[in-house]
Amino acid sequence: MCGIVGYIGGGKALPVLLEGLKRLEYRGYDSAGVALVKDGRLVVKKKAGKVSDLEQLLQGQDLDSGLGIGHTRWATHGEPSDLNAHPHVDCSGTIALIHNGIIENYATIKKKLIQDGHVIKTATDTEVLVHLIEEMLKKTGDLCTAVRYALLEVEGTFGILVISQKEPDKIIAARRGSPIVIGLGEGQNYIASDASALVEHTRQVVYLNDDEIACITKEACTIKTIRDQEVVKQVEQITLSLAQIEKGGYDHFMLKEIYEQPESILNCLRGRLRVEEGDAHLGGLLPVMDRLVNAKRIIITACGTSWHAALAGKYMLEQMARIPVEVDYASEFRYRSPVIGPEDVLFVISQSGETADTLGALREAKQKGAAALGIVNVVGSTIPRETEAGIYIHAGPEIGVASTKAFTSQIAGLALISIMLARRKGMGQTRGRVLAGELATIPEKVKKVLELDQQIKQLAEEFKNVRNFLYLGRGSNFPTALEGALKLKEISYVHAEGYPAAEMKHGPIALIDENMPVVVVAPKDALYSKVISNIQEVRARKGRVIAIANEDDHEIDSLAEFVIRVPRTVSYFGPIVNVVPLQLLAYHMAVARGCNVDQPRNLAKSVTVE
């Protein structure tokens with residue numbers, strides 16, 4: 001979750017570190033800090049709050065150095081504070097370490113270190129690691145070896161950078177479960193937890209795999225496993241552009257990314273959707289096509305918004321391809337000893353490709369012999385490297401913590417998979433053309449929904465002081481209701497619950513009164529009459545109905561207090577169109593309530609810890 005950046009070279013480290021931390025702040029913003037080696041001395045500066053607070057602390061200080069590491073924190077162990085902020089240092093004050101992850105056996109290590117005379121000052125799990133490295137350095141005399149020996153004793157996850165004033169010509173990097181990418185330059189090298197922090201400086205990168213350690217100087221990068229085996233890495237090119245990770249004139253990244261959805265969905269479909277053939281071509285799945293077509297069952301596992309996309313995918317895959325589909329929370333999957341085997345296919349969905357729980361589910365399925373496939377946005381991330389096959393959704397960088405364009409592109413990707421499998425399992429070309437043709441219209445329909453922005457902004461002003469919302473949907477729009485409620489919770493801190501509309505009478509109806517706004521996703525599909533009945537039940541209890549309805553639906557005018565009209569599409573693809581007004585509603589509610597849209601409290605973009 002935390003952001004990590006490092007620099008070594010002939011230039012000035014501090015500007016690189018601060019700019020990198022700003023680009024990584026979506027990964028955590030509880031505190032920030034830097035460590036540099038200046039004039040043979042380790043200098044550590046850290047501050048609770050955002051990177052801007054750290055930057056203010058550093059103003060006017062002489063910190064010119066060609067070697068440094070920086071960190072922006074999402075707190076796990078220990079509250080956000082100056083003391084608990086990274087970097088952490090050893091007893092001698094000569095070694096500094098920054099860390100993303102969780103040291104699960106830190107209590108055991110801490111007890112032994114205290115017995116050996118170490119003084120632990122913070123409430124973090126991370127600090128024990130820098131003291132453990134200090135202890136190992138006494139035995140080895142070499143920083144890289146000391147880090148390697150220390151990591152052999154660690155249980156848990158880590159992406160770390162380590163520097164020492166005694167070896168001011170190197171940075172040590174290592175990973176297990178938390179991403180590390182090394183950017184290669186001329187006479188200077190860069191390290192980060194995300195390529196977005198490097199794109200301004202270099203396009204050439206190498207990615208560390210789990211249990212690999214790198215010794216980085218300004219001229220070279222040597223990589224081994226933590227068990228001292230040499231590793232040869234292929235240098236990769238990053239295609240991410242600086243313009244892609246800037247706001248581009250929008251007030252917030254989230255709003256920019258909502259407005260990018262027509263393009264991001266089109267990018268997911270481009271070159272894959274074959275309208276005339278009524279088919280889809282996904283080269284990334286060709287190596288496992290036989291296993292997919294003959295699968296007895298498909299399991300989709302994910303977390304948060306990606307889980308909602310998975311649930312929308314279940315409706316498409318089952319109804320189009322007639323394959324049984326289960327959707328599982330990745331955080332629960334491996335802890336219930338899942339019944340899964342060689343006849344099953346597991347899809348894991350993750351925007352970042354680094355989600356810890358999703359990676360755990362993937363590894364569990366692989367161990368049990370299932371085909372393990374990925375649906376991922378970030379190229380070069382861990383999940384694509386560990387799955388047998390899969391697809392990228394090509395949504396582009398998503399910086400806003402609350403996911404928007406990744407969600408709609410994930411559903412678009414699942415729609416492509418559904419059409420492709422359906423055709424191979426007997427769906428005719430005529431039906432395929434209808435579905436492929438309709439899917440091809442979705443980007444334009446989303447563009448039309450975005451024209452409702454001002455109407456939705458006015459709606460947010462109407463409800464900005466409300467403390468509770470209920471979101472209802474049926475069939476494939478039940479996931480839409482879940483996602484709409486999640487967005488409102490995430491960024492405006494308004495309590496909201498998503499429910500299948502028919503389940504309302506089994507409990508939630510008790511909450512409805514004249515103060516309860518109820519958002520109902522009510523497209524004119526096969527379940528429309530059922531949803532209308534549910535709206536009547538809300539009205540009978542004086543609930544305030546906000547309807548997401550089709551442009552040609554006038555029946556609903558007399559039933560809803562507010563109607564947001566969206567273009568009609570087939571039910572399979574409805575969630576892509578119908579969720580957009582709910583994203584805008586959450587956004588404008590958050591702005592109206594004075595919330596930090598792009599950096600909501602307690603959240604981070606990439607959840608790399610359990």
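Analyst: Start with a term. A cavity is a set of grid points where a 1.4 Å probe fits but cannot get out. The volume is the space filled by probe spheres set on those points. This is a predicted model, and the second largest cavity in it has a volume of about 50 Å³. The structure holds two cavities of 30 Å³ or more.

User: What makes a residue part of the lining of the second largest cavity, and which residues are they?

Analyst: A lining residue has an atom within 4 Å of a point of the cavity. The lining includes Pro523, Lys524, Asp525, Arg568 and Gly574. It divides into three nonpolar, five polar and three charged residues.

User: How many disulfides does the structure hold, and how do you know for Cys221?

Analyst: The structure holds zero disulfides. A disulfide needs two cysteine sulfur atoms within 2.5 Å. The closest cysteine sulfur to that of Cys221 is in Cys215, 8.3 Å away, so it is too far for a bond.

User: Why is Cys221 called partly exposed?

Analyst: Buried means under 20% relative accessible area, and exposed means over 50%. Cys221 has 25%, so it falls in between. Cys91 has 42%, so it is partly exposed too.

User: What makes Ile535 buried?

Analyst: Its relative accessibility is 0%, and the cut-off is under 20%, so Ile535 counts as buried. Ile535 is found in helix α17. Leaving aside neighbours within four places in sequence, Ile535 is in contact with Val520, Val545, Ile556 and Leu559. Contact means heavy atoms within 4.5 Å.

User: How do you know that the span of helix α16 is close to the expected one?

Analyst: The expected span is 1.5 Å times one less than the number of residues. Helix α16 has 15 residues, and the expected value is 21 Å. Its reach from first C-alpha to last is 21 Å. Just after α16, Tyr493 takes a positive phi of about 60 degrees.

User: Why is α16 called largely enclosed?

Analyst: 14 of its 15 residues are buried, so the rest of the structure largely encloses α16.

User: What makes α11 mostly covered?

Analyst: Nine of the 12 residues of α11 are buried. Among them are Ala356, Leu359 and Leu362. The buried residues pack against β17, α10, β19, β20 and α12. Helix α11 reaches 17 Å, close to the 16 Å expected.

Terms used:
Residues numbered from 1 in each chain as written. Predicted model: local features only at pLDDT ≥ 70, side-chain atom pairs only at ≥ 80, totals over all residues. Heavy atoms only, no water. Buried < 20%, exposed > 50% of the residue type's maximum accessible area, 1.4 Å probe, protein only. Helix = DSSP H or I, 4+ residues; strand = E, 2+ residues; numbered from the N terminus. 1 Å grid on protein atoms, 1.4 Å probe; cavity = no way out; pocket = protein on both sides within 12 Å on 5 of 7 lines; lining within 4 Å. Nonpolar A, V, L, I, M, F, W, Y, C, P; charged D, E, K, R; others polar.
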